[in-house]
Amino acid sequence: MRSAASAPLTSELSRDQALLLTTMAHQYLSSGEWPTWQWVDTVLDRRGLDAPGLLRSLPRLGADRPGPWYGLVNHDGVNISRNDRVAVTLAGALHVPELQPYFAAPFLDTLAILVAARHNRPISPNEVEEFQITATDIRAELAPRRDPEPLSRWMARLPELMSNEPVTRNSTGELPDGTRWWALSRDLGRYREVTTLEGYVEVTATLIGQHAAPWGRDPAASIGPAVSAAPSTADRRLPITAPIPEELINVAAELMLLHLLGSFYWHSVGQALLSDGFVPEAHEGDESGWSVLQMLADRREVELLQVRANGHPNMVRLTTAGRVKALELRRRSRDRAEREHHLHDALVRWAYNQRRPGAGALLQTLPASPDWWFCGTEVTWDEVGDAVRYLEARGLLVGSTQFSGPPSGIRLRLTPDGEDCARSRQTVRTYMNEQRSQPSTFQITGDNNNVAFGNSNNQSSGASTNGVSSEDLATLVGMIRLSIPMLGLPEEQQAAVEDDVAALEAEAATGNPDQGRVRTFLQRVGSVVQSVATNPVAQNMVLTGIGTATGIPVPQLPQ
């Protein structure tokens with residue numbers, strides 16, 4: 001089955017494009033794991049082929065950036081690193097028949113189960129509820145249709161494959177027992193009559209076309225592949241669509257620099273690039289793409305050559321300054337710590353600016369903000385989820401920690417501390433360090449079986465016989481963290497305590513802390529504090545709290 005919507009994905013590939021897919025797929029079929037990009041690149045390079053260029057040349061549908069898109073693989077080929085694992089999608093399986101019995105057929109069975117669950121589940125007229133299905137439910141439905149051993153292998157592959165398909169990459173997470181669950185999106189209804197892989201790709205292509213509306217593009221406009229032929233100078237396209245909103249102009253400039261660097265990484269700085277290769281001809285009249293190019297020229301990061309009467313150059317080249325800037329963007333975009341710091345600061349600032357009376361900031365709108373980008377690359381929902389949990393654990397943000405993939409309906413609300421952090425215009429790291437360095441007064445009362453401790457903002461108590469709740473653990477850990485600068489620990493021991501405290505904060509953020517892990521980390525912190533702390537007041541305070549939470553008798557030290 002082939003329609004205008006799915007034609008780019010179903011059209012015949014070049015011999016080299018097909019070889020790229022089969023090289024990845026055959027390794028997956030033999031090992032059960034997608035190979036690293038370094039391996040793929042090396043294998044094809046030994047055959048005289050340009051693997052990165054082939055990857056960028058594969059057809060795909062939908063938005064350039066940001067927005068929904070779908071192609072034959074799960075990577076657009078931009079800023080790819082050697083440890084990335086590029087996976088073939090269901091659309092890609094159309095071109096690799098060997099994959100279909102192990103890959104496509106069980107997915108279609110699973111898709112039918114999701115459609116039925118969405119369609120048949122009872123719904124209350126009075127309560128709003130989330131439509132979800134668990135891996136246990138899926139396995140139970142598939143069990144009568146498949147042998148146990150192939151079914152077990154399929155269930156192990158399922159989370160990864162579902163994350164690569166648009167209709168199943170919605171919100172997902174884990175229950176307290178570790179069972180994976182997925183949200184049942186409204187779009188599943190479109191797949192009721194789908195029974196073949198070709199039919200699935202056709203419906204998916206239509207949905208992508210309807211949902212893709214990046215950077216001012218008319219949603220009713222026809223869609224096509226970003227690149228659909230073997231790589232050549234004339235076919236290169238920068239992922240920029242026009243018109244470009246003013247707030248995203250700097251994002252577009254970073255994208256253009258990275259594109260120029262990525263296209264000619266192995267060439268000299270003076271290598272020329274035809275401008276028609278990355279400024280879409282259809283948008284030449286509105287000047288959006290050209291304005292980005294002119295801005296880079298004004299910064300002396302690109303040089304314009306053979307300028308025509310209308311001010312548009314025939315050719316451009318990346319200057320030395322532009323190459324240095326692009327290399328720095330690429331380095332920073334791959335630095336995990338820098339990406340995390342960016343998201344911590346961006347989420348606090350974004351939530352503050354987006355807040356409305358009585359409601360928080362709707363998280364699913366974040367991709368429309370410049371904060372969704374870092375050094376010319378998009379952040380991921382997994383990274384956003386980690387950042388939200390980090391900020392919650394530090395008392396700056398209130399929101400749902402249980403999401404993975406694009407969230408639906410989740411709102412983020414800043415705590416009073418979070419609002420103070422946003423208003424201070426400091427980074428989260430600087431703000432938290434200043435808060436920790438401020439002197440705090442704690443009151444501790446009780447005996448060896450029950451203790452109450454707190455500061456001017458909270459009071460909490462816990463009994464060791466019942467374990468420690470997430471709320472009490474958060475309060476205890478907050479007290480320990482504030483006490484660390486006052487304990488007088490040697491640098492190495494202080495770093496170890498801070499690492500254990502961070503692990504405890506993560507446990508508290510889960511809402512259901514693992515009591516064994518909590519006890520282990522608290523014991524380690526207590527051992528260090530008891531043996532090397534030099535401030536007896538802070539030492540007594542920390543040890544009393546730990547002793548109460550764990551039930552381990554801790555000697556009271558003289559104050």
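Visitor: Is Cys375 buried or exposed?
Guide: Cys375 counts as buried, because its relative accessibility is 6%. Buried means under 20% relative accessible area, exposed over 50%, and partly exposed in between, with a 1.4 Å probe and protein chains only. Keep in mind that this is a predicted model, where local features need pLDDT of at least 70, side-chain atom pairs count only at pLDDT 80 or more, and totals for chains, interfaces and linings use all residues. Residues are numbered from 1 along each chain as its sequence is written, and side-chain values use heavy atoms, leaving out hydrogens and water.

Visitor: How many disulfides does a search of the whole structure find?
Guide: A disulfide is a pair of cysteine sulfur atoms within 2.5 Å. The search finds zero. Cys421 is another buried cysteine, at 1% relative accessibility.

Visitor: What should I look for in phi?
Guide: Most residues other than glycine have a negative phi. Here Cys375 has a positive phi near 50°, and its place is the loop between strand S10 (373-374) and strand S11 (377-378). Helices (H or I, at least four residues) and strands (E, at least two) are DSSP runs, numbered from the N terminus. Arg300, also not a glycine, has a positive phi of about 65°. Arg300 sits in the loop between helix H11 (288-298) and strand S7 (302-307) and is exposed, with a relative accessible area of 68%.

Visitor: How many salt bridges are there?
Guide: A salt bridge is a side-chain nitrogen of Lys or Arg within 4 Å of a carboxyl oxygen of Asp or Glu. That rule gives 16. One of them pairs Glu507 with Arg517, the closest N and O atoms being 2.6 Å apart. Glu507 lies in helix H18 (residues 491-509) and Arg517 in helix H19 (residues 515-532), so this pair ties together parts that are 10 residues apart in sequence. Glu507 is buried at 10% relative accessibility, while Arg517 is partly exposed at 39%.

Visitor: Which residues are linked in a network of salt bridges?
Guide: Glu328, Arg331, Arg332 and Glu338 are. Within it, Arg331 and Glu338 meet at 3.4 Å, N to O.

Visitor: How do I check the length of helix H13?
Guide: The expected span is 1.5 Å times one less than the number of residues. H13 (residues 336-354) has 19 residues and reaches 26 Å from its first C-alpha to its last, close to the expected 27 Å. Its buried residues include Leu343, Leu347 and Trp350.
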